[in-house]
Amino acid sequence: MAIGVRTEQAVARAVAGAAESAEALHRALQAVCESLGWSLAATWEPDTGDVLRCTDLWMAPDPRLEAFADATRSLTLAPGEGLPGRVFASGEPAWITDATADPQLPRRALAAEADLHAAIGVPIVSGRGVCGVLECFGTDAVDADPDLLASMEVVGGLLGQLAERRRAEADVHLSDQRYRATLQAALDPVVTMDHRGRVIEFNPAAERVFGWRSDEAVGREMSELIVPEELREPHRAGLARYLATEEPKLLDQRIEVEAMRADGSRIPVELTITRIDVPGPPVFTGHLRDITDRLTNEAELRASRARIVEAADAARRKIERDLHDGAQQQLVGLAVNLRGAKARLAKGDIATTDELLDEAVEDLGEAIAQLRELARGIHPAVLTEGGLQPALRGLVRRSPVPAEVVAVPDARLDPAIESAVYFLVSEGLTNAVRHAGATQIHIEVTHDGELLAAEVRDDGAGGADLAGGGLRGLADRLAALDGRLTVVSPAGDGTILRAEVPCVS
Ligand SMILES: Nc1ncnc2c1ncn2[C@@H]1O[C@H](COP(=O)(O)OP(=O)(O)OP(=O)(O)O)[C@@H](O)[C@H]1O
Ligand SMILES: [Mg+2]
């Protein structure tokens with residue numbers, strides 16, 4: 001058998017037997033040298049800057065070759081330069097009888113030291129054209145052998161296929177890397193399982209949410225890991241049914257279920273299961289989201305709506321009671337007095353008439369005062385007309401405990417925000433008087449163009465909490481404006497009520 005054909009076969013066997021393309025290439029270079037009885041073979045490929053670099057090299061175990069090999073590995077060649085450059089530029093194979101005699105070869109002197117003489121260069125050709133060069137060196141000067149050169153071109157084609165395979169492997173590797181990076185960075189748990197229901201992937205978010213480490217989770221049955229006990233059988237049956245029929249029932253839909261954590265506690269999750277498109281038995285990936293916060297917020301929203309409605313009803317009942325117990329009683333008394341006065345007047349009893357009329361005037365005055373007070377509690381006219389400045393000063397003036405407005409913006413604000421601040425200050429003052437035993441109260445309202453902050457500070461007993469009616473109502477009122485109430489009230493150290501509301505001016 002011709003030597004070239006043996007080389008073709010050796011290279012084909014080397015390429016077929018290797019699991020990875022890098023290993024295959026190295027074995028191919030060795031097969032070339034050993035079948036030819038030559039000393040060194042290398043491959044060259046263009047890098048991104050279009051100069052050729054050595055991508056792999058095999059040499060016989062001979063120390064004299066090392067300097068030449070080192071130079072080969074570190075050399076860059078422009079197209080047309082050196083043996084690889086010439087072959088790459090022309091796309092044609094080249095045979096050099098004695099490389100040490102060619103003054104144009106950059107490694108000529110080193111070739112002489114390594115006792116390398118004959119050289120062959122053939123293009124590595126893939127479906128995309130010439131993608132590199134294979135060069136081989138032998139220790140004897142040998143004249144060109146057209147049959148061998150033809151076989152070496154076949155070897156160039158085999159290495160071209162290998163280059164394609166390497167490129168495909170690199171693409172897969174890259175997309176795998178990207179997929180892995182996405183999984184690692186995902187904020188939500190992603191759990192992948194095989195057709196037997198066993199976990200094959202458990203990302204960091206899943207570790208965080210479910211409390212299992214990835215190495216504990218992988219390999220275990222997913223249902224016994226994160227599915228609550230009563231749902232396990234339905235889960236297994238669903239998987240078996242899908243495998244038997246391939247008819248999806250739950251795939252690619254968003255469902256809300258309960259999931260279980262390592263400590264046995266349960267959390268509500270939103271789950272989407274997708275079948276990954278891979279050859280072979282099905283693989284499923286579950287994207288989960290812990291929706292505890294969302295459900296809590298929804299419940300809190302429902303509760304606060306209910307409280308607002310209840311507070312409005314309570315306010316109406318209070319007005320009804322105040323009117324009934326206050327002004328209505330005064331007016332009833334007034335009517336009685338006027339009727340009495342009229343009867344006395346008919347009898348000519350001027351003195352009693354006069355007394356009764358005096359009482360009537362007093363009753364009327366009190367009724368007016370009570371109505372005014374009541375109206376102010378519902379919505380102070382001064383707030384509507386003059387804004388926060390005069391309204392807060394009015395509150396401070398009527399406070400039985402000394403109070404001071406440290407700051408308040410001049411500008412008019414959104415009426416709902418003005419009301420919220422007014423009722424905050426009103427409630428803060430009332431609480432400080434009723435519960436705190438305070439001796440001094442400060443009120444400060446500031447607006448930085450985006451956020452309005454209102455504070456009521458007292459120097460009283462502290463210990464305020466949101467469990468009561470007044471402060472809870474304020475918190476709800478502020479929440480409805482996207483704002484919030486904070487209460488700082490350590491025992492014995494005064495109270496700070498602070499409201500913050502977004503308010504763009
Ligand atoms: N400034 C304060 N200093 C000390 N304790 C306070 C202060 N403000 C409130 N508290 C305490 O916090 C509780 C809750 O206050 P909140 O205003 O919510 O309800 P309330 O004043 O008791 O009733 P309402 O405001 O509905 O008339 C009060 O009962 C009181 O014990
Ligand atoms: Mg109160």
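A residue is taken to be near a molecule when its C-beta atom, placed from the backbone, lies within 6 Å of it. The structure is a predicted model, in which local features need pLDDT of at least 70, side-chain atom pairs count only at pLDDT 80 or more, and totals for chains, interfaces and linings use all residues. Residues are numbered from 1 along each chain as its sequence is written, with chains lettered from A and ligands numbered from 1 in the order in which they are written.

The shell around ligand 1 holds 18 residues. N431, A436, G468, G469 and G470 come nearest. Helices here (H or I, at least four residues) and strands (E, at least two) are DSSP runs, numbered from the N terminus. Two elements, α16 (415–436) and α17 (469–479), each give two or more residues to this shell. The largest share, 5 residues, is that of α16. By class, the shell has 5 nonpolar, 9 polar and 4 charged residues. In this count Ala, Val, Leu, Ile, Met, Phe, Trp, Tyr, Cys and Pro are nonpolar, Asp, Glu, Lys and Arg are charged, and the others, Gly among them, are polar.

Helix α17 also contains D476. Burial is scored by the other C-beta atoms, placed from the backbone, within 10 Å of a residue's own: 20 or more make it buried, 12 or fewer exposed, and counts in between partly exposed. D476 is partly exposed, because it has 18 C-beta neighbours inside 10 Å. In sequence, D476 and S304 are 172 residues apart; in space, their C-alpha atoms are 6.0 Å apart. Contact requires C-beta atoms, placed from the backbone, within 7 Å of each other. Leaving aside neighbours within four places in sequence, D476 is in contact with S304, R307 and I308.

A nonpolar core is a set of buried Ala, Val, Leu, Ile, Met, Phe, Trp, Tyr and Cys residues joined through C-beta atoms within 7 Å. The largest such core has 48 residues. V11, A28, V32, C33, A41, C136 and F137 have the most contacts inside it. Helix α2 (residues 21–36) supplies the largest share of this core, 8 residues. Beyond its neighbours within four places in sequence, V32 is in contact with T7, V11, A41, C136 and V155. A second, separate core has 33 residues, including A391, Y422, I441 and L478.

Helix α1 (residues 3–17) has 15 residues. The expected span of a helix is 1.5 Å times one less than its number of residues. For α1 this gives 21 Å, and its end C-alpha atoms are 21 Å apart, which agrees. G4, T7, E8, A10, V11, A14 and V15 are its buried residues. Seen down the axis of α1, they fall within an arc of 165 degrees, so they line one face of the helix. The arc is that of the directions from the helix axis to the C-beta atoms. On the other side of α1, A16 and G17 are exposed. The cover over its buried residues includes α2 and α6 (146–185).

Helix α12 (residues 327–346) has 20 residues. From its first C-alpha to its last it reaches 28 Å, close to the 28 Å expected. In α12, A327, Q330, N337 and A341 are buried. Viewed down the axis of α12, these buried residues fall within an arc of 80 degrees, so they line one face of the helix. The face turned away from the buried side carries the exposed residues V332, A335, R339, K342 and A346. Among the elements covering the buried residues of α12 are α11 (292–325) and α13 (350–378). Just after α12, G348 takes a positive phi of about 75 degrees.

Most residues other than glycine have a negative phi. E246 has a positive phi of about 60 degrees although it is not a glycine. D252, also not a glycine, has a positive phi of about 60 degrees. E246 is placed in the loop between α10 (229–245) and β9 (255–260). The loop between α10 and β9 also holds D252. E246 is exposed, with 9 other C-beta atoms within 10 Å. D252 is exposed, with 9 other C-beta atoms within 10 Å as well.

A78 sits in the loop between β3 (76–77) and α4 (82–90). With 14 other C-beta atoms within 10 Å, A78 is partly exposed. Sequence neighbours within four places aside, A78 is in contact with V51 and G85.

Terms used
Contact = placed C-beta atoms within 7 Å.
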